[in-house]
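Open the model in your viewer and keep the selection tool at hand. We will go from one stop to the next, with a short note on what to select at each.

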Amino acid sequence: MTSCPLLYSVQAGFPSPVEYAEKLNLHELLVKNKASTFFMKAEGDSMVEAGIFSGDILVVDRSLMPLSGLIVVATVDGEFTVKRFVKKGRETVLAAESAGYRDICVSPESDFSVFGVVTSTVHFFR
Amino acid sequence: MKKDSPVALIDCNNFFASCQRVFEPKLENHPVAVLSSNDGCIVARSNEVKKLGVPMGAPYFKVKSLLAENNAKVFSSNFALYSDMSRRVMEVVKLFSDEIEIYSIDEAFATLHNKKDLVKTAGQLRNTIKKWTGIPVSIGIGKTKTQAKAAALFAKSNGAGVYELSSDNLEVLESFSVNDVWGIGGGLSGRLERRGIKTAYQLAVSNPAVIRRIGGIGLLSTALELRGMKSRDGNRVLVKKQIRSSRSFGSPIKNFDDLAGSLAYHCSAIYSKMREQGSLAGRLTVFVKSGSYKDQSIFVEKKFPEPVGDIFVITKEVVSLLEKIYKPGANYIKAGVMVADFQPAIYFESDTLFGPTNYSKQLGLLSTIDKINLKFGSNTLRSARMGFQLVWESKKGMQSPSYTGNWAEIPKAFCR
């Protein structure tokens with residue numbers, strides 16, 4: 001007689017709650033669009049007032065339209081920078097959030113593009 | 001693919017180079033080249049590098065100074081990055097299609113939604129891929145896969161980005177040689193050219209009987225498909241799931257070098273079949289059978305994180321695997337090699353050393369171990385008697401960070 005592995009026991013009555021619990025998945029929470037979401041690491045203090053600290057992981061979504069007021073990762077002079085995207089009429093400004101850091105006025109000729117919109121960050125306290 | 005639907009081919013432009021550019025925006029209009037594993041030869045070139053006259057597959061040492069003079073940025077290949085970016089591109093394609101067939105790391109056939117205006121849909125798909133992933137692609141549309149492939153080639157070369165080939169505009173095929181047509185290799189294109197059929201257009205409009213005489217029903221199918229008639233669309237060569245080569249020895253072999261030599265022969269045989277079907281292998285198995293009273297067959301397997309298509313790499317790995325199972329004093333009566341877990345190949349590195357054909361003949365002139373020592377430095381491989389040590393290691397000096405695969409290597413965004 002061969003042995004048969006015990007897969008699960010069938011009980012009468014209500015199933016145990018453990019069978020129905022789903023694990024909370026942080027990745028699912030943060031990444032809405034798997035094709036267009038990238039992680040970046042913030043370096044520097046210019047966005048502290050916005051709640052972004054040096055060392056934070058940025059969740060950046062390329063599929064979202066940069067709207068005025070949103071925080072974006074922009075490519076400026078070949079580098080990724082974190083700024084608040086601000087549209088004032090026809091003018092676009094990439095604004096830093098702390099005093100002492102410059103705003104960048106963007107003109108059609110300037111070498112700038114938006115990499116993606118920062119949708120959330122992960123900040124480590126420890 | 002559904003029988004009557006038009007087919008689109010989505011083909012990433014200079015894929016590996018484009019992947020690198022997404023994370024280094026400074027490189028946008030800059031010459032960028034990517035090298036094969038071991039930094040042996042060029043496997044990807046940005047348009048700027050193409051303009052310098054650097055051919056695909058050029059050995060790196062030959063073009064190194066030309067690239068340096070032009071300030072080209074050269075990268076070692078980073079398969080983890082390219083696989084992830086490929087996944088992203090394919091996810092976008094899926095959103096726009098009923099059916100998708102991923103053909104290689106940077107190409108997919110798809111039947112797009114909205115049959116009413118395919119060029120418009122393809123344009124939207126192309127823009128979406130560029131926005132969401134940063135990868136530029138070209139899309140060709142046709143009634144058959146062969147047509148779609150030709151259309152994509154045209155879209156790429158004329159910069160339009162999207163092109164639909166149909167019976168109304170077949171003349172654009174005049175700008176391509178028959179060699180550019182999917183499924184037509186060196187031998188066949190030579191035969192066609194000798195008969196005066198030099199361009200893809202000529203192939204499409206030539207007399208079917210003539211075509212059939214030159215290259216049989218396979219070539220005729222290709223020509224008809226180019227014209228838009230579905231015959232036998234799809235893979236030309238039956239792709240096997242695994243390839244093996246093994247042999248029983250006339251008299252038992254005890255010596256490690258002799259056993260390794262026999263396995264090297266099998267590597268050669270396997271490699272030609274891999275090349276024929278256009279595959280890279282993800283898994284390698286070596287087995288030996290000793291003729292003791294127990295008559296045991298021992299095997300050892302290795303999975304490659306990056307699929308391999310280089311005969312030297314395969315042979316080196318086989319010898320290294322043999323070392324794990326070889327027992328001095330045993331009488332070996334059979335040995336063999338098997339490869340599996342195939343992926344379509346973009347390029348075969350060994351071609352640059354010996355040319356695309358007859359490498360196995362040339363390999364026969366020297367023992368494989370000699371050749372490995374020649375290529376990588378003497379005493380790279382030594383026999384088990386002397387203490388087996390593999391000195392050779394994968395050179396990847398210029399690999400970019402694993403931007404999407406390693407938390408320590410994700411791109412930095414400056415807050416300043």
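Predicted model: local features only at pLDDT ≥ 70, side-chain atom pairs only at ≥ 80, totals over all residues.

Residues are numbered from 1 along each chain as its sequence is written, chains are lettered from A and ligands numbered from 1 in the order in which they are written, and side-chain values use heavy atoms, with hydrogens and water left out.

**Stop 1: the interface**

Select the residues of each chain that touch the other. Now colour Glu43(A), Arg62(A) and Phe80(A): they supply 26% of the area that chain A buries against chain B, more than any other three residues.

The rule finds 2 salt bridges across this interface, a salt bridge being a side-chain nitrogen of Lys or Arg within 4 Å of a carboxyl oxygen of Asp or Glu. Glu43(A) forms one with Lys412(B), with the closest N and O atoms 3.6 Å apart. Helices (H or I, at least four residues) and strands (E, at least two) are DSSP runs, numbered from the N terminus.

Next, select Glu79(A) and Arg416(B), whose side chains meet in a salt bridge (2.9 Å, N to O). Glu79(A) lies in strand E4 (residues 79-88) of chain A and Arg416(B) in the segment after strand E13 (412-414) of chain B, so the pair joins two chains. Glu79(A) is partly exposed at 26% relative accessibility, and Arg416(B) is partly exposed at 41%. On this scale buried means under 20% relative accessible area, exposed over 50%, and partly exposed in between (1.4 Å probe, protein chains only).

**Stop 2: a loop in chain A**

Move to Asp77(A), in the loop between strand E3 (71-76) and E4 of chain A. Asp77(A) has a positive phi of about 50 degrees although it is not a glycine, and it is exposed, with a relative accessible area of 55%. Most residues other than glycine have a negative phi.

**Stop 3: a sheet in chain B**

Show chain B as a cartoon and find the open sheet of 4 strands in the order E9-E12-E10-E11, with antiparallel pairing. Its edge strands are E9 and E11 of chain B, each pairing on one side only. Two strands pair if DSSP finds at least two bridges between them. Strand E10 (residues 279-290) is joined to strand E12 (residues 332-344) of chain B by 11 bridges; on this pair, Ala281(B) stands opposite Phe342(B).

On strand E9 (residues 242-253), pick Ser245(B). Is Ser245(B) buried or exposed? Ser245(B) counts as buried, at 12% relative accessibility. The side chain of Ser245(B) makes a polar contact with the side chain of His266(B) (2.7 Å).

**Stop 4**

Select Glu317(B) and Lys302(B), whose side chains meet in a salt bridge (2.9 Å, N to O). The pair links distant parts of the chain, with Glu317(B) in helix H11 (residues 311-325) and Lys302(B) in strand E11 (residues 297-308), 15 residues apart. Glu317(B) is buried at 8%, whereas Lys302(B) is partly exposed at 28%.

Finish at Arg88(B) and Asp84(B), another salt bridge (3.0 Å, N to O). Both residues are in helix H4 (residues 79-96) of chain B, 4 residues apart and separated by about one helical turn. Arg88(B) and Asp84(B) are buried.

Conventions: Polar contact = N/O pair within 3.5 Å; in protein donor to acceptor, adjacent residues only side chain to side chain. Buried area = accessible area lost by both parts, 1.4 Å probe.
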